[in-house]
Amino acid sequence: SGEVSGALDLVLEQLAEQAEREETLRAKVRAAFTYPLFVAVVGCATVIFLMTFVMPRLSQLLVGLGEQLPVPTRLLLAIAGWMASGWFWAGTGGLAAGGALLWRLSGEPGRLLLDRLTLRVPGLGQLLKELELARFARSFGLLINHGVSVLRAMEVAIPVVNHRVIRRQLERLPETLRQGNTLSACLKPLPISTAFLVNTVAVGEESGKVGDGLTEVAAYYERDVERLLQTMATLLEPSLIVAVGLVVGFIVIAVLLPIFEMSSISR
């Protein structure tokens, strides 16, 4: 009884550590994208303020400068006029409501399609794949290390994966394993598998330490996820700042161009 209680305490302790590790990783994901999201929101708000509040007040002045305004200025005035009209807000609201309704009605097929699209986004797809593989491998390895059979451990660990496309690929594993294949052979044909995952599991099978191999895979992917998060956040922040700067710069140049042309003509 004491041995069983001790083993149960160890399992619960490791499960608590895994939950804490996953929460720490989620916190790092949120922290990595908080500032870029803030920059994007502030940038969009600034552009909308300039186009809907400032530009309508400058449009009369710009139109009065001459009949032939520069092309950037005419384009800016057309966009500002459209955004200042009720059609812009009605269209934006209609699109948002339509998108929300379509998402609501699409159910599982719509979410599956979205998950497929996220896997194809450069950077984000790799991040999601490694994040889910780390979660699956750690749960799978933990169960095996505590005496659960490979097949049963796999069936318990697969639902831990949140991404629908990745989970559907992993759901093929139990049937393939029942056919007498090794775990590494089952993993190899999956589109989400990597050489590192397959080779590490194969080494674990040869040494009789599959659980340890899976834990090593999870630790590797967790470290790589942190590296990818840092890289993406480092690239995303200046990219958003440059994008906002280009839009605001275009607005400023389009406003100043007719003034420069008038001053050159007057000379």
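Student: Which residue forms a salt bridge with Arg-178?

Tutor: This is a predicted model, in which local features need pLDDT of at least 70 and side-chain atom pairs count only at pLDDT 80 or more, while totals for chains, interfaces and linings use all residues. Residues are numbered from 1 along each chain as its sequence is written, and side-chain values use heavy atoms, with hydrogens and water left out. A salt bridge is a side-chain nitrogen of Lys or Arg within 4 Å of a carboxyl oxygen of Asp or Glu. For Arg-178, the closest N and O atoms are 2.7 Å apart, and the partner is Glu-155.

Student: How many residues apart are Arg-178 and Glu-155 in the chain?

Tutor: Helices are DSSP runs of H or I with at least four residues, strands are runs of E with at least two, and both are numbered from the N terminus. Arg-178 is in helix 7 (residues 173-178) and Glu-155 is in helix 5 (residues 150-157). The pair links distant parts of the chain, with a separation of 23 residues.

Student: Are Arg-178 and Glu-155 buried, partly exposed or exposed?

Tutor: Buried means under 20% relative accessible area, exposed means over 50%, and partly exposed lies in between, with a 1.4 Å probe and protein chains only. Arg-178 has 48% relative accessibility. Glu-155 has 30%. Both therefore count as partly exposed.

Student: Which residues do salt bridges that share partners join into one network?

Tutor: Arg-178 and Glu-155 are a pair in it. Shared partners extend the network to four names: Arg-152, Glu-155, Glu-175 and Arg-178.

Student: How many salt bridges does the structure hold?

Tutor: Side chains of opposite charge can pair when their charged atoms come close. In this model the count of such bridges is 7.

Student: Why does the bridge between Arg-164 and Asp-115 tie together separate parts of the sequence, and how many residues apart are they?

Tutor: The closest N and O atoms of Arg-164 and Asp-115 are 3.3 Å apart. Arg-164 lies in helix 6 (residues 164-170) and Asp-115 in helix 3 (residues 86-120), so the bridge spans a sequence separation of 49 residues.

Student: Which helix holds both Glu-132 and Arg-135?

Tutor: Their side chains meet in a salt bridge of 2.5 Å, N to O. Glu-132 is buried at 6% relative accessible area, and Arg-135 is buried at 10%. They sit 3 residues apart, about one turn, in helix 4 (residues 124-145).

Student: At what angle do helix 4 and helix 5 pack?

Tutor: Axes are lines fitted to C-alpha atoms, for helices over the stretch in contact, and angles run from 0 to 180 degrees between N-to-C directions. The two axes are 9 Å apart, and the angle is about 145°.

Student: Which residues of helix 5 make the contact with helix 4?

Tutor: Contact means heavy atoms within 4.5 Å. Helix 4 contributes Phe-136, Ser-139, Phe-140, Leu-143 and Ile-144. From helix 5 come Val-150, Ala-153, Met-154, Val-156 and Ala-157.

Student: How far apart in space are Val-248 and Thr-46?

Tutor: Val-248 lies in helix 10 and is partly exposed at 24%. Beyond neighbours within four places in sequence, Val-248 is in contact with Val-47 and Leu-50. Val-248 and Thr-46 are 202 residues apart in sequence, yet their C-alpha to C-alpha distance is 8.5 Å.

Student: Which residues is Thr-200 in contact with, leaving aside its neighbours within four places in sequence?

Tutor: Thr-200 is found in helix 9 (residues 195-207). Thr-200 is buried, with a relative accessible area of 11%. Its contacts are Gly-213, Glu-216 and Val-217.

Student: What percentage of the residues in the protein is buried?

Tutor: The protein has 10 helices and 0 strands. Of its 267 residues, the buried share is 32%.
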